[in-house]
Amino acid sequence: MAAALANKKREKIVFPTENDVAKAMAKYTFNLSKKFCKERGYFTIVLSGGDLVLWLKQLLVPEYAETEWSKWHVFWVDERVVPLDDKDSNYKQTLDSFLSKVPIPTSNIYAIDQDCAALGDAKGAAILYEEGIKKLVNQNIIRTYKSSGFPQFDLQLLGMGPDGHMASLFPGHYQINEKANLVTYITNSPKLPPKRITFTLPVINCASYNLMAVCGEAQADAVAKVFKDDFNLPSARLTADTQAIWYLDKAAASKLPECL
């Protein structure tokens with residue numbers, strides 16, 4: 001595993017501030033949206049929670065007014081299994097700060113099942129989310145990866161926790177090793193709330209483009225471990241079909257050796 005991942009090039013760009021990271025992420029997203037909408041007529045984008053939700057507001061500036069929102073299909077790399085109107089819901093956070101401000105058709109926004117969310121049924125939510133993705137593959141909205149047949153999203157915007165987790169794949173938890181399913185679940189997340197669903201690592205790494213955006217000194221130790229190829233950290237296992245790139249602010253990159 002480690003040898004295979006080490007052969008995948010991990011790129012990075014360090015920006016002066018968090019705001020610079022957010023602006024660069026918006027530009028990167030806009031350019032890929034333009035590319036895939038032209039090539040395929042669709043743009044499949046996978047979001048995560050945390051600060052990234054707030055950074056998406058950078059896409060609302062006039063510079064990106066030509067974004068073809070009607071062609072976007074929006075997914076979440078992981079989700080907290082709480083009611084969709086709960087403050088901890090990634091869906092609600094993204095809806096309030098971003099999705100409610102752009103004309104993406106509601107039918108193109110793929111939240112977890114409302115009933116499973118309300119009941120706290122993590123297993124059921126994972127099963128239904130996977131089924132929904134498979135239907136979209138059959139409709140040719142989501143592509144499949146050339147060798148494995150796993151779904152291939154155009155772009156995933158990811159974040160990392162201070163412990164090196166990404167999505168809801170945490171160090172020392174078995175979900176990081178799940179290879180058969182597209183979506184798995186966890187009921188004892190070390191970060192609250194405890195019940196979550198998450199894409200599995202093969203699905204994450206099949207994406208055409210993965211952008212990991214990390215800001216803040218609290219993440220600096222984990223960033224340094226990732227770039228030393230400490231594969232005990234799930235984020236160190238991030239690859240992509242075309243490009244896996246890390247956008248860091250100076251604080252997050254502060255413990256990287258200058259040679260990196």
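Start at glutamate 79. Its bridge partner in strand E9 is isoleucine 197. This is a predicted model, by the way. E4 and strand E9, residues 196–199, run antiparallel, and 3 bridges join them.

Now the sheet around that pair. It is open, it has 3 strands, and the order is E4-E9-E8. The pairing is antiparallel. Strand E4 (78–80) and strand E8 (183–186) are the edges, so to speak: each pairs on one side only. From one strand to the next, the twist averages 20°. Helix H6, residues 122–138, packs on this sheet and touches E8 and E9. The direction of H6 makes about 165° with that of E8.

Next, salt bridges. The count comes to 10.

Aspartate 229 pairs with arginine 10, with the closest N and O atoms 3.1 Å apart. These two sit 219 residues apart, so the pair links distant parts of the chain. Is arginine 10 buried or exposed? Arginine 10 is buried, at 18% relative accessible area. Aspartate 229 is partly exposed, at 33%.

Second, aspartate 96 and lysine 92. Their closest N and O atoms are 2.9 Å apart. Both lie in helix H4 (residues 90–97), 4 residues apart, about one turn of the helix. Aspartate 96 is partly exposed at 43%, and lysine 92 is partly exposed at 24%.

Third, aspartate 154 with arginine 143, at 2.7 Å between the closest N and O atoms. Aspartate 154 lies in the loop between strands E6 and E7, and arginine 143 in strand E5, so the pair ties together parts 11 residues apart in sequence. Aspartate 154 is buried, at 0% relative accessibility. Arginine 143 is partly exposed, at 24%. Shared partners join Arg40, Arg143 and Asp154 into one network.

Notes
Residues are numbered from 1 along each chain as its sequence is written. This is a predicted model: local features need pLDDT of at least 70, side-chain atom pairs count only at pLDDT 80 or more; totals for chains, interfaces and linings use all residues. Side-chain values use heavy atoms; hydrogens and water are left out. Two strands pair if DSSP finds at least two bridges between them. Axes are lines fitted to C-alpha atoms, for helices over the stretch in contact, and angles run from 0 to 180 degrees between N-to-C directions. Contact means heavy atoms within 4.5 Å. A salt bridge is a side-chain nitrogen of Lys or Arg within 4 Å of a carboxyl oxygen of Asp or Glu. Buried means under 20% relative accessible area, exposed over 50%, partly exposed in between (1.4 Å probe, protein chains only).
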